[in-house]
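Thanks for coming. I will go through one model, starting with how its two chains meet and ending with a few single residues. Please have a look at it first.

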Amino acid sequence: MELEFIIFSVLSIISSLGIIFNSKKIVTIIYFLIFIISISCLYFSLGMYFVGSLEMIVYSHTIIVILILFFMLVDKSIDVSKLKLNYRIFSYIISLLMFSFLFYSIYTSNYDINPITQNIIHDKDIGNVLFKEYFIVVELSSILLIAALVIILHLLTNNKKNNL
Amino acid sequence: MLPFYTLILSSILFSIGISCILIHKNLLFILIGIEIISNASMLSIISATSYWNNIDGIIFYIIVITISAVDSSICLALFVLLNKIKHKIDVNKISEMKG
């Protein structure tokens with residue numbers, strides 16, 4: 001389990017760096033797909049099978065397909081536009097400062113050096129908790145999805161009153 | 001007691017997502033940076049859940065993943081409307097809008 005964790009963590013870091021430094025669009029989307037798959041494999045190596053399968057279904061089947069359709073049909077520009085070099089170096093310095101602050105706050109805390117403790121949580125327990133104690137979560141997520149559907153239909157139907 | 005390596009990995013991914021937001025001009029890649037940041041924060045929460053063998057983090061993960069799906073769909077609808085007006089999806093173009 002530790003070997004799988006190390007391999008997929010290195011793969012996720014490399015693919016997320018490829019999103020930043022690449023200049024072609026579709027290649028960037030494929031890097032994002034590799035990032036999502038490596039994150040879900042990290043969940044599998046931690047023992048969270050339900051979470052890993054949910055991540056794989058939601059991200060790689062909905063969001064990436066929508067992004068590729070958007071690039072094919074709507075956005076006609078060829079390459080990815082970035083900032084100038086001075087501003088880019090400034091943003092790298094900001095992110096390095098953020099990482100150094102986070103590393104300092106983790107390193108000075110009371111941590112455990114053993115990386116992976118694989119505690120398997122079964123799907124039956126999650127279903128029992130979801131539909132007894134946390135039933136409001138299911139209702140809240142369904143209300144959120146219906147609200148998003150209504151908003152998108154209101155935005156994208158051709159209404160002559162709202163001439164933008 | 002905290003799990004060390006997963007927290008370091010999630011902090012590295014968080015800083016990479018912040019630099020991805022700051023560098024790009026195209027709005028879709030800013031959306032991808034936000035997705036990277038949400039994935040990094042959820043990785044830290046799920047690692048703590050598996051460390052303490054607790055089930056509440058998974059419920060929290062279900063809420064966050066529905067919110068990210070709703071977020072990306074509404075943002076893409078707004079980008080289609082912006083592309084009708086300006087014929088380009090750029091952050092610098094939004095500052096020229098009236099009202």
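First, the ground rules. This is a predicted model, in which local features need pLDDT of at least 70 and side-chain atom pairs count only at pLDDT 80 or more, while totals for chains, interfaces and linings use all residues. Residues are numbered from 1 along each chain as its sequence is written, chains are lettered from A and ligands numbered from 1 in the order in which they are written, and side-chain values use heavy atoms, with hydrogens and water left out.

Now the interface. 72 residues of chain A are in contact with 64 residues of chain B, where contact means heavy atoms within 4.5 Å. Between them, chain A and chain B bury about 6,700 Å², and 80% of that is on carbon and sulfur atoms. Buried area here is the accessible area (1.4 Å probe) that two parts lose on being put together, summed over both.

How many salt bridges are there between chain A and chain B? The count is zero, a salt bridge being a side-chain nitrogen of Lys or Arg within 4 Å of a carboxyl oxygen of Asp or Glu. For polar contacts, the rule finds four residue pairs across the interface of chain A and chain B, both residues at pLDDT 80 or more. A polar contact is a pair of N or O atoms within 3.5 Å; within protein, one must be able to donate a hydrogen and the other to accept it, and residues adjacent in sequence count only if both atoms are side-chain atoms.

Next, helix α6 of chain A, residues 135-156. Helices (H or I, at least four residues) and strands (E, at least two) are DSSP runs, numbered from the N terminus. α6(A) has 22 residues and reaches 33 Å from its first C-alpha to its last, close to the 32 Å expected at 1.5 Å a residue; the expected span is 1.5 Å times one less than the number of residues.

The buried residues of α6(A) are A:V137, A:S141 and A:A148. Seen down the axis of α6(A), these buried residues fall within an arc of 35 degrees, so they line one face of the helix. The arc is that of the directions from the helix axis to the C-beta atoms. Buried means under 20% relative accessible area, exposed over 50%, and partly exposed in between (1.4 Å probe, protein chains only). On the other side of α6(A) are exposed residues, including A:I136, A:L149 and A:H154.

What do the buried residues of α6(A) pack against? They pack against α3 (56-86) of chain B. α3(B) has 31 residues and reaches 45 Å from its first C-alpha to its last. After α3(B) comes B:H87, with a positive phi near 60 degrees.

Last, the single residues. B:T6 is found in helix α1 (residues 4-23) of chain B and counts as buried, at 2% relative accessibility. A polar contact of 3.4 Å joins its side chain to that of B:S47.

B:N53 lies in the loop between α2 (27-52) and α3 of chain B, and its phi is near 55 degrees, a positive value in a residue other than glycine. A:N119 lies in the loop between β1 and α5 of chain A. Leaving aside neighbours within four places in sequence, A:N119 is in contact with residues of both chains, among them A:G47 and B:N53.

A:S23, in the loop between α1 and α2 of chain A, is partly exposed at 36%.
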